Amino acid sequence: MDWGIKNRLSQLIKTNGRCMFLPIDHGYFQGPTSKLERPGETIKPIIDYADALFCTRGVLRASINPENSKPIILRVSGGTSMVGKDLANEGLTTSIEEAIRLNASGVGISVFIGSDYEKETLLNLSKLVDEAERYGIPVMAVTAVGREMEKRDARYLALCCRIAAELGARVVKTYWCENFEKVTDGCPVPVVMAGGPKVNSDLEVFEFVSDGMKKGAIGVNLGRNIWQNEYPVAMIRALRAIIHEDATAKQANDLFNTVKSEKGK
Ligand code: 5RP
């Protein structure tokens, strides 16, 4: 691996091999997502606890302070919306020249395996890897499930992660599922977990993140279950403790309750 890509990866994945990515890219197909209407305000209290931000160039330029930012993973796929025909029909939205201009530490792209656009999105990934690696920029592949959340099982996610890695992704983002070790065991590059739609119990989030870490994930790219929580600071600190300090789900829950009562929101 050349110096540039090693250096960028080390900005994203810390020396302990773990990472806490904070995604705020949801507006690229959902529009003004609840609690993310003003992304700059959303991240203000929580950005210090993240290792990197995942966002589009539009939000980056409009809402993120360039003088005091975390490393950026730039979302470079899109072109679809919640009200359009098919969320899977994504293309590349942002050039590598733009990623370099924005000093991105990585770029992220969704692939929709099993959809009508499987081939197109996988070829988009391959093309992006070809272009990004030329400049030492690592690619994170997002194994998207679109609206079909029931697709979140080990067999399907293992297939998606392996294919994304085979095509050159340096990191793969997927969902936690039962038997998560089947996903990580079959994937030769680091795997990070997304959170998915906000769940009702905080403990549930700590439990699946803790389980995923034990089963081989290196961290999370987890958004809504942090910034849609009533106590986002408590939430991100508790998750950070699981990822960077090996806290158990119960310890994380205790920390969540302590921070919640000490500092309010
Ligand atoms: C949206 C994404 C998000 O980055 C990813 O799903 C993680 O966010 P969340 O934890 O809210 O699911 O790729 O398309």
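1. The model is a predicted one. K119 sits in helix 6, which covers residues 118-134.

2. Sequence and space can be set side by side for K119 and G106. In sequence the two are 13 residues apart. In space, 23 Å separates the C-alpha of K119 from the C-alpha of G106.

3. Next, a helix pair. Helix 9 spans residues 202-214, and helix 11 spans residues 232-245. Their axes come within 10 Å and cross at roughly 20°. Angles under 35 degrees count as roughly parallel, so helix 9 and helix 11 are roughly parallel to each other. The crossing of helix 9 past helix 11 is right-handed.

4. Which residues make this contact? Helix 9 brings D202, F206, V209, S210 and M213. Helix 11 brings M235, A238, L239, I242 and I243. By class, the contact of helix 9 with helix 11 has 8 nonpolar residues, 1 polar and 1 charged.

5. Now the ligand. There are 13 residues around the ligand. Which come nearest? P23, A194, G195, G223 and R224 do. The shell around the ligand divides into 5 nonpolar, 6 polar and 2 charged residues.

Terms used:
Residues are numbered from 1 along each chain as its sequence is written. This is a predicted model: local features need pLDDT of at least 70, side-chain atom pairs count only at pLDDT 80 or more; totals for chains, interfaces and linings use all residues. Axes are lines fitted to C-alpha atoms, for helices over the stretch in contact, and angles run from 0 to 180 degrees between N-to-C directions. Helices (H or I, at least four residues) and strands (E, at least two) are DSSP runs, numbered from the N terminus. Angles under 35 degrees count as roughly parallel, over 145 as roughly antiparallel, 65 to 115 as roughly perpendicular and the rest as oblique. A crossing is left-handed if the near helix is turned anticlockwise from the far one by less than a right angle, and right-handed if clockwise. Two residues are in contact if their C-beta atoms, placed from the backbone, lie within 7 Å. Ala, Val, Leu, Ile, Met, Phe, Trp, Tyr, Cys and Pro count as nonpolar, Asp, Glu, Lys and Arg as charged, and the others, Gly among them, as polar. A residue is near a molecule or strand if its C-beta atom, placed from the backbone, lies within 6 Å of it.
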